[in-house]
Amino acid sequence: MFPVDGLRDLLTTTHAAQWRRLHEQCDWYRRQRPPAEHPRASITYFGPAAANLALAYRLTGNRAYLEEAWRWISTAISYPHWGKAHLPDHDLDAGWLLHGLSMACGWLGDDLGPGRLEALRAKLRLQGRRLYDHAVASEGGWWSSSYWQNHNWICHAGLAAAGYLLDEPAWTARARRNLETVLESLPEDGSDSEGVVYWRYGVPWLAVHADLVERLEGVSLWDRGGFLRNTFGWRLHQCAPGFEENADHGDCHDRRSGHSPALYHKLASAYRDGRARWLADLVSERFLWREAYESGVKPGVLAEAYLELLWYDPSVAPEPPRETSAYFPDLGQLTTRTSWAGDAAYLSFKSAPGGGHRAWRESRRLRDERGWDTLSAGHHHPDAGSFVLAAHGAFLAVDDGYCNAKRAAHHNLVLVDGSGWAGEGRYHVYKDLPDDRVPGMRDVLARDGFAHATSSTAVMFPEELGVLRCDRTLVVTPRGRTVLLDTLAAAEPRAWTMLLHTDWPADPGASDLALVSGPALAWVRRLSPEPVEITRDVTEIEASPTSSTPSLRIVKTLHTVRTTTARVREARLLHTIEPSAALNPAPPTSARLPLDSGYGTALSFDGELVLLSPAERKITAAGIEAEAAAVIVSGGRAALVEAVGVRRDGEPVHESPRPWTGVIDWP
């Protein structure tokens, strides 16, 4: 039913490492005792347990694996319902078990014996019917048509597996139509607004389902839309230096629940992507067990052993990543790093509406045309304009991770009179917001180690605050220095507060703020002339990450630095951040330069120059005259952003008929 032809012959050669993963995982199941009564917590782990053990039996013929599989299967099918705390029979538990037990049934088949086989098939038919009926009845609401959400992907993949096994064409047809819609609706750039942890939890199910369609219907969906082709590139650029941790935008239980070697192998095979093969090997050889130990996401990475074996393709040669900067327009996310080494400086900066631009537009079209509520963006935080920073092996400017009552104040953003965004303080902060609540990103450069972008978020604040401008221009130089320029305006005088969150308390120096975390340090220097008040406090974040286990709580403490202006209509806050090694720190080198004619903002570092004019597009400083949003000079090169003309010491170095962004030589 679910073919594994020819795989047995590879277990002692090309697939020996994957076979070892599988039989060790099966040995772990042998030592566990599945609960006789349905626990209140999630039972998703029963699905992969059955699949792992059944595949081991199909490949070896060792009946001990069959009996162990039946011990888990018989317990699962004895439960009257699948799922207890939240939507019994109609949500994730049902989806996971339908898939895993259907795969197991296909591999065990008649070897189970007629009584066992019929009991298993009857339970799968009952649970499949329950899930299918719920999907039909709830269409237009929750996961049935929440095309950008992991519940939709998991439940339909489980329904498809059961439908193929039991010859239920209505189930498989509905599931396939949904998958095709999902792949056509997800962003082509491969980004996921739910964040890395939910990417790791949910996207493997799109691959599971596409794999089933290809194997059992002979139809390839791998090139439907562009999401699957490009999503590994997005995931790769979420890796913090060292690859073990990840940028934790969105609902992230922790910074380690981010890898899926099985999915990496499948994407490597489908698209001949050597980078995916390279990362899969690295994770399997070095990080797998630590992720399994520290991850807050269950069933966790070890349960995917059967998929690692099925999807491993040794014909794809591993290739390490090369390009250090990337931009993902749907999520408005810019990432950059000084190198792929473990001690590199890394920064991620993002700005987009709830769910990303495509989901925001398409969900509103479906609302207007069909009256459907399809945008379940509860895992997307109010974080447009925020950033995270890591360097020298540690995180320095951090995000809040998982949060139920989401607030802009939990991110490295600007508050107005102490207030954050309209609609915040709840789980789904984008639900029912007006259509025009769309933060944006412009003037983006991500090339050759240079990074520049400007976020605009004024529209996200409550109307009564009268915010006219809340723009943040962020620059990262090839040497890892960061410049933050916040340009702020309101109809009435307001107090503007810039937030900076860290894992450890910041150390105030004589004139500079030091962010310290283990081996890493970053100097934060304020270069704007406005008088400000600087305070430090603690921000506590608490969340219950899964409705299936209501007792589970995640608590995170952020140490927060607040820089607040007097009440003014307009403000410009200028900061630089220079990372260094904590045990042998280099002194900060940033300095503000005088302007030749009053246009733009000019900064110098040791060996680097940053000139900014995000609004006026006119710069006169340091012997440079430019009609441009930015000129950034480093190491014999210069990045120009939206430049029409640039002159250096009176000599033209760039002219173009329309604004141009790129990198040129600067001898």
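Analyst: Start with D537 and R562. Their side chains form a salt bridge, with N and O 2.8 Å apart. This pair ties together distant parts of the chain. D537 belongs to strand β15, residues 532-543. R562 belongs to strand β16, residues 554-565. Keep in mind that the model is predicted.

Now the surroundings. D537 has a relative accessible area of 31%, so D537 is partly exposed. R562 has 21% relative accessibility and also counts as partly exposed. The cut-off matters here: buried means under 20%, so R562 at 21% does not count as buried.

Salt bridges can also join up through shared partners. One such network holds R176, E180, E184, E217 and R224.

Why do such pairs form? Side chains of opposite charge can pair when their charged atoms come close.

R63 and E67 form a salt bridge of 3.5 Å, N to O. Both lie in helix α3, residues 63-78. They are four residues apart, about one turn of the helix. R63 is partly exposed at 42%, and E67 is partly exposed at 32%.

R469 and D471 form a salt bridge of 3.7 Å, N to O. Here R469 is partly exposed, at 33%, whereas D471 is buried, at 12%.

For the whole picture, the structure holds 56 salt bridges.

Methods:
Residues are numbered from 1 along each chain as its sequence is written. This is a predicted model: local features need pLDDT of at least 70, side-chain atom pairs count only at pLDDT 80 or more; totals for chains, interfaces and linings use all residues. Side-chain values use heavy atoms; hydrogens and water are left out. A salt bridge is a side-chain nitrogen of Lys or Arg within 4 Å of a carboxyl oxygen of Asp or Glu. Helices (H or I, at least four residues) and strands (E, at least two) are DSSP runs, numbered from the N terminus. Buried means under 20% relative accessible area, exposed over 50%, partly exposed in between (1.4 Å probe, protein chains only).
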